[in-house]
Amino acid sequence: MTIPSWNVFFLYFVFLSLISHTRGAPAADGSPLVAGQTIPLRRRNPSPDLDIHQRGQVAKFQRDVVLARYFGGERPTRRSSGDNLLVNQAYDSGYYGTLAIGTPSVSFDVLLDTGSSDLWVAGTSCGTVCNGLPLYDSSASTSFKNTSQSFKITYGQGEASGYVATETIKMAGFSVFNQGFAVIDEMSSGFLSAPASGLLGLAWETLALSQQMPFWQTLASSGTWDSPLFAVQFTRYTNDTQAQALEPGGVLNLGYTNSSLYSGSIEFIDIPSQPSFWYITLTSVTVQGGSIPLGTNAIAAIDTGTSNIGAPLSAIEAIYAQIPGSKPASGSWAGYYQFPCSTSVNVTFSFGGSTWAMAPADFSYAQVGGSQCIGAFFETTGNNPSWIIGDAFLKNVYTVFRYSPPAVGFAALSDVALGENGLNGVPVPSPTIGSATAAVTGNAAPATLRFTPALIGMGVAFSLLHISLV
Ligand SMILES: *[C@@H]1O[C@H](CO)[C@@H](O)[C@H](O)[C@H]1NC(C)=O
Ligand SMILES: *[C@@H]1O[C@H](CO)[C@@H](O)[C@H](O)[C@H]1NC(C)=O
Ligand SMILES: *[C@@H]1O[C@H](CO)[C@@H](O)[C@H](O)[C@H]1NC(C)=O
Ligand SMILES: *[C@@H]1O[C@H](CO)[C@@H](O)[C@H](O)[C@H]1NC(C)=O
């Protein structure tokens with residue numbers, strides 16, 4: 001969920017209280033709603049671009065390291081794919097899936113976040129701030145190993161901290177032994193809401209603060225998947241007045257794309273240089289048919305862990321200039337704009353090919369006062385990436401995250417997928433880890449293993465592999 005600034009956190013709680021008033025009761029268990037609204041802090045300058053040859057070298061290098069680490073150098077013979085049914089938490093605020101940790105396996109709900117790269121779950125050592133969350137108990141698992149490395153992820157004013165361990169992690173039929181993850185024993189209050197106990201980072205290892213290869217990347221790089229990619233389809237409940245706090249959320253497909261969920265072809269957009277976030281170049285944005293100036297080299301992170309869409313101030317101003325009666329929101333909504341709820345706002349995005357439309361329902365983030373609504377676009381302060389494209393857009397497409405060659409793909413949702421939006425009375429999926437289809441054995445390797453002199457000497461700046469989050 002990338003890195004929220006404190007004020008967005010604050011905004012989020014304002015939002016939560018709004019929706020809990022306007023949208024009915026929270027979950028039946030009385031739990032508060034999930035945190036999902038986040039924006040990134042400043043990051044380092046962009047990586048110098050790698051040419052296709054260098055990217056091939058990086059891909060080969062990464063694969064060799066993984067094969068050595070998880071398979072003793074052998075390529076696994078068995079390939080497979082799997083699904084994890086998702087839950088839509090708090091009217092599209094967050095989407096979580098289920099994985100299992102330990103021996104014996106215990107399942108946990110984790111928010112899907114393509115804007116960060118660590119898997120973490122709250123542990124039994126976590127204090128009262130974790131009350132009500134299902135907690136991971138290392139003493140109950142025979143496969144727990146403590147690396148004793150400390151872990152801390154900072155979210156503006158809030159943070160989560162603990163230590164790094166390795167465990168058997170299972171999801172959607174895949175098992176990874178000795179997968180690195182973080183056990184959280186301190187966390188800012190309200191960051192997670194039951195039943196979610198943690199977060200599954202789905203961005204690249206280069207961003208992993210735990211210095212552990214992410215679960216998805218372990219599987220993708222080891223050749224375990226039928227296709228080296230994963231994909232998501234998210235449901236929309238934001239404009240459904242009958243919606244409950246937990247609703248069916250769509251699906252995470254691992255190792256394949258499900259052609260029942262999209263129509264037409266998948267348009268892949270290459271990641272312009274060494275992957276860290278899932279970031280691609282944004283080439284066009286329109287609002288009410290008018291074009292928004294993007295400047296040169298507008299880079300957008302595709303981030304399932306952010307509810308809304310972050311953009312630079314100049315773009316925010318141009319966007320709302322297309323919407324009569326809009327103005328900057330104030331107080332706790334600073335950074336957002338308000339507009340007349342009666343206006344249906346059409347936004348489109350293009351990344352060099354097709355034009356993808358966002359539903360007007362997804363533009364209307366929250367209602368404040370009688371006739372004023374808060375728009376889904378907020379101002380970002382960082383510039384790499386300068387755009388954060390979150391769920392407000394991703395609900396409108398089938399999104400594919402491809403490991404090799406690194407790319408993000410979009411396709412139109414099929415009627416089957418669209419038919420899952422705003423369905424009432426459908427039970428949320430129960431936790432499942434799928435039947436075992438493939439297993440990977442790991443050995444948490446020291447981070448240094450990942451950086452060979454050859455790689456550095458090849459002209460790949462060392463900093464590429466050490467993008468720091470401030
Ligand atoms: C794991 O190691 C860390 C750092 O030494 C320590 O704080 C933590 O208590 C350990 N956890 C367990 C369950 O031993
Ligand atoms: C693809 O998605 C459809 C609709 O959700 C589902 O019925 C089907 O089982 C999925 N196909 C595969 C191969 O998993
Ligand atoms: C928004 O898009 C819809 C569907 O394409 C169109 O009918 C409508 O006129 C558009 N509204 C504006 C203000 O551009
Ligand atoms: C919610 O928004 C979607 C997309 O704009 C629309 O198709 C659907 O009819 C809306 N649902 C309700 C209940 O208004």
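Colleague: How many helices and strands does the protein have?

Modeller: The protein has 8 helices and 27 strands. Helices (H or I, at least four residues) and strands (E, at least two) are DSSP runs, numbered from the N terminus. Before we go on, this is a predicted model, so local features need pLDDT of at least 70 and side-chain atom pairs count only at pLDDT 80 or more, while totals for chains, interfaces and linings use all residues. Residues are numbered from 1 along each chain as its sequence is written, chains are lettered from A and ligands numbered from 1 in the order in which they are written, and side-chain values use heavy atoms, with hydrogens and water left out.

Colleague: Which residues carry the "active site" label, and where does it come from?

Modeller: The label comes from UniProt, in an unreviewed entry, and it sits at Asp-113 and Asp-303. The two are spread over 191 residues of sequence, yet they cluster in space, with a largest C-alpha distance of 6.6 Å. UniProt positions are given in the numbering used here, feature names are shortened, and annotations may be inferred rather than shown by experiment.

Colleague: Why is Asp-113 called buried?

Modeller: Buried means under 20% relative accessible area, exposed over 50%, and partly exposed in between (1.4 Å probe, protein chains only). Asp-113 has a relative accessible area of 1%, so it counts as buried. Asp-113 is part of strand S3, residues 106-113.

Colleague: And what makes Asp-303 buried?

Modeller: Its relative accessible area is 1%, so Asp-303 is buried. Asp-303 sits in the loop between strand S15 (298-302) and strand S16 (309-311).

Colleague: What makes the link between Asp-113 and Ser-116 a polar contact?

Modeller: A polar contact is a pair of N or O atoms within 3.5 Å; within protein, one must be able to donate a hydrogen and the other to accept it, and residues adjacent in sequence count only if both atoms are side-chain atoms. The side chains of Asp-113 and Ser-116 are joined at 2.6 Å, so the distance falls within 3.5 Å.

Colleague: Which residues are around ligand 2?

Modeller: They are Asp-83, Tyr-256, Asn-258, Ser-260, Leu-261, Val-416 and Glu-420. A residue gets in if one of its heavy atoms lies within 4 Å of the molecule.

Colleague: What polar side-chain atoms lie by an oxygen atom of ligand 2?

Modeller: Tyr-256 has one at 2.9 Å from an oxygen atom of ligand 2. Asp-83 has a side-chain N or O atom 3.2 Å from an oxygen atom of the ligand, and for Asn-258 that distance is 2.3 Å. Taken alone, ligand 2 exposes 360 Å², and the protein buries 44% of that. Those areas come from the Shrake-Rupley method with a 1.4 Å probe; for residues, only the protein chains shown count as cover.

Colleague: Why is Ser-148 called exposed, and how does Gln-288 count?

Modeller: Ser-148 has a relative accessible area of 60%, so it is exposed. Gln-288 has 31% relative accessibility, so it counts as partly exposed. Phi is near 65° for Ser-148, a positive value in a residue other than glycine, and near 50° for Gln-288, again positive in a residue other than glycine.

Colleague: Which peptide bond at Pro-195 is cis?

Modeller: The one joining Ala-194 and Pro-195, with omega about 10°. The bond from Ser-404 to Pro-405 is cis too, with omega near -10°.

Colleague: How much of the protein counts as buried?

Modeller: Of its 470 residues, 60% count as buried.
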